[in-house]
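Work through the following exercises with the sequence and the model side by side, and try each task before reading its solution.

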Amino acid sequence: MAGNSIKKAMVMAAGVGSRLEPLTLSVPKPLITVANRPVMDILFENLKKINITDVICNTYYLAEQIIDRYSNNNIGINFNYIKEDNLSGTAGGLKKCQDFFSPGENFIVLSADGLTNADLAKGIEAHIKSGAIATIGIKKIPHSEVSHFGVVVTDDRGFIKEFQEKPSIEEAKSNYINTGIYIFNYEIFNYIPENTFYDFAKNVFPELLSKKGINTFEIGEYWTDIGTIAQYKQSVKDLFNGQCSFNHSQIIRTERGRYLKGNTEIPKSTTFIGESTLGNNCKLGKNITIIDSIIWNDVEIADNVTIKNSAIASGCKIYSDADNLILGANQIFSNNKSEIKA
């Protein structure tokens with residue numbers, strides 16, 4: 001195998017993000033913001049830190065938004081992309097990017113909705129040292145949560161013995177899960193057919209496991225998959241609690257909470273309880289209370305409104321109290337009903 005360092009990455013960015021609806025009805029999942037930063041911005045910054053600057057993405061859902069944002073980015077990433085006419089699975093998407101990579105080359109593959117402080121350099125070192133075709137980043141989680149993930153069972157060398165897809169707590173043989181962080185050698189393409197819907201977990205890894213073996217490296221740092229509304233809200237909590245770290249605007253403390261914001265002006269009569277984020281150009285009325293909520297850009301909130309445990313996408317107008325409200329872009333919310341703005 002060639003080389004002792006990795007210079008290229010592929011980011012899987014084609015997913016529809018249906019479990020994040022209605023937030024993803026107008027924004028692709030990779031551009032969902034945490035602390036006003038698109039998750040994919042944070043991912044690219046992490047790659048840049050380890051000198052990986054040549055990146056290719058497969059795009060599909062709302063692809064133009066991703067292409068427009070990163071074709072001329074200021075992160076320092078040489079952004080390349082393909083547009084898929086039809087979804088082709090995690091491995092099928094990589095296969096369409098094969099020409100971006102060179103025979104013998106090692107490279108990294110990441111999910112665009114992963115928020116992590118994983119030590120990718122450690123993973124690359126483990127991959128090259130192992131001589132494996134594939135190395136998977138694995139994370140230890142509470143045993144009570146294993147039924148939500150793909151579980152990985154390893155031997156004493158860190159090589160995988162068995163996969164379990166979302167096993168029951170009783171049947172789970174491990175509490176290590178597949179994070180979707182992969183380091184591959186170019187040989188991986190031998191295990192992915194062309195023009196076929198193909199998945200890593202269901203198709204590629206079982207065959208590779210039986211023929212060549214799959215290495216792992218443990219991620220001790222922060223990792224989450226922002227795949228559901230609950231996980232999305234939790235990621236913001238994790239940021240405020242110092243569990244994950246990336247560049248963001250200053251956290252402002254109040255008597256009863258903390259918040260961060262873009263350029264939005266905050267009236268003195270505003271009360272913050274718990275942890276909340278506000279985007280740019282929001283317009284806040286008088287005597288507003290914001291509790292544990294995520295508010296994107298250009299949101300208008302009327303006087304005397306309380307917003308609690310909610311996620312509100314850009315361009316919305318809120319005229320009445322909202323509790324546990326998840327609102328897609330450009331909605332009007334009044335008297336506990338919402339409608340699309342004209």
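Predicted model: local features only at pLDDT ≥ 70, side-chain atom pairs only at ≥ 80, totals over all residues.

**Exercise 1.** Determine how far helix 1 (residues 39-49) is enclosed by the rest of the structure.

*Solution.* Begin with the criterion, under which a residue is buried if its relative accessible area is under 20%. Finally, look beyond the helix to N51, which follows helix 1 and has a positive phi, near 65°.

**Exercise 2.** Locate the largest cavity and describe its lining.

*Solution.* A search of the whole structure for cavities of 30 Å³ or more returns one, and the largest cavity holds about 130 Å³ of space. Its lining consists of 15 residues, of which L43, L110, G114, T116 and I181 are the closest to its centre. Next, assign the lining to elements: helix 1, strand 6 (106-111), strand 7 (114-116) and strand 11 (176-185) each supply at least two residues, with helix 1 giving the most, four. Sorted by class, the lining has eight nonpolar and seven polar residues, but no charged ones.

**Exercise 3.** Work out on which sides of helix 5 (residues 200-211) its buried and exposed residues lie.

*Solution.* The buried residues of helix 5 are F200, V204, F205 and L208. They cover an arc of only 85° around the axis, and therefore lie on the same side of helix 5. On the other side, K202 and S210 are exposed. The cover over the buried residues includes helix 3 (89-95) and strand 8 (134-140).

How values were computed: Residues numbered from 1 in each chain as written. Heavy atoms only, no water. Buried < 20%, exposed > 50% of the residue type's maximum accessible area, 1.4 Å probe, protein only. 1 Å grid on protein atoms, 1.4 Å probe; cavity = no way out; pocket = protein on both sides within 12 Å on 5 of 7 lines; lining within 4 Å. Points joined across faces, edges and corners; volume = space filled by probe spheres on them. Nonpolar A, V, L, I, M, F, W, Y, C, P; charged D, E, K, R; others polar. Arc of directions from axis to C-beta. Contact = heavy atoms within 4.5 Å.
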